[in-house]
Amino acid sequence: MAVVTDTPDTTADPEKGPRGDNGLVRRRWLGRMLGGSRTTTVSIAVLALFVLVAVFAPWLAPQDPNAVSLADSLQGTSADHLLGTDQSGRDVLSRLIHGARTSLLGPLGVVTGATLLGVTIGVIAAWRGGWVDTVLSRVVELIFAFPGVLLAILLVAVLSAGLKATVLALAIAYTPYMARMTRSAALGERHRPYIRALEIQGFSAASIIVRHLLPNIAPLVLAQASLCFGYAMIDLAGLSFLGFGVQPPQADWGAMISEGQVALLQGAPLSALAPGVLIVIAVVAFSLIGESVADRIRRADR
């Protein structure tokens, strides 16, 4: 493996960069870092099951999730209603299956938006430095100081209640977490010898960032995104519980907990407990995956 010094490495492969095998190895174990641990494997399997349920919800749900039948209100478990019915007579199992869509798509939108904004801000701040870094860092700190839930409530007041407004607000609120982590990681890469060698060889900043810097910080971004996904799911469920998120009659796990309060008091707890349990399972699974990725990064950097 070539060692890059102040003298540019003219034998380095432009596709791999002067960093050589070291950068290539880090990119390859990005695909392996989620494996190995039994806990991580189980977490991935659970999340894969949730995703499959969300994708095939129309075919898996035994009944129409929004079909109201007051005559069937608060029924217990039976052959027709495996998890009973809610106070409106709607099948709880069908609503859980359809609720997986909004409960997973919402956090995905938050994490995707926050990652795109945060990574862009963090990389630009680290690469340019100087006053650009200072201005962007102050903007990130300003957003960081503003509570995400309060921002969501303000956007709901302006744009009306719904999933789009809450996702947009939380994506902005989560951006500082991604930006600060990305800036720190990008600064570490920015001063490595292979970056300097690429600059000396005439590669553009955009080419170096896209083809070399970003792939090398991707594991850290993935770990942070996994952790943020779980937190975003909790926040969106809380906002739906308060009535700011998904609006009835659309099925959503957070909204189902709110709707199931009456049923809980009347001795039919499944309509409230079942979505709560699913949220906990999903959040724990994402947290375990994020911790696993972060742990492997720490061990690889030793």
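Me: At what angle do helix α6 and helix α7 pack?
Reply: In this predicted model, α6 covers residues 148-159 and α7 covers residues 163-190 (helices are DSSP runs of H or I, at least four residues). Residues are numbered from 1 along each chain, local features need pLDDT of at least 70, side-chain atom pairs count only at 80 or more, totals for chains, interfaces and linings use all residues. Side-chain values use heavy atoms, without hydrogens and water. The two axes, lines fitted to C-alpha atoms over the stretch in contact, lie 8 Å apart, and the angle (on a scale from 0 to 180 degrees between N-to-C directions) is about 145 degrees.

Me: How many residues of this contact are nonpolar?
Reply: Contact here means heavy atoms within 4.5 Å. From α6 come Gly148, Leu151, Ala152, Leu155, Val156 and Leu159, while α7 brings Ala165, Thr166, Leu168, Ala169, Leu170, Ile172 and Ala173. Two of these residues are polar, with Gly counted as polar, and no charged residue takes part. The nonpolar ones number eleven.

Me: Which element has the highest mean pLDDT?
Reply: pLDDT is the predictor's confidence in each residue, from 0 to 100. The protein averages 82, and 86% of the residues score at least 70. Helix α1 (residues 21-29) has the lowest mean among the elements, 46. The highest mean, 93, belongs to helix α4 (residues 92-128), so the element you asked for is α4.

How values were computed
Helices (H or I, at least four residues) and strands (E, at least two) are DSSP runs, numbered from the N terminus.
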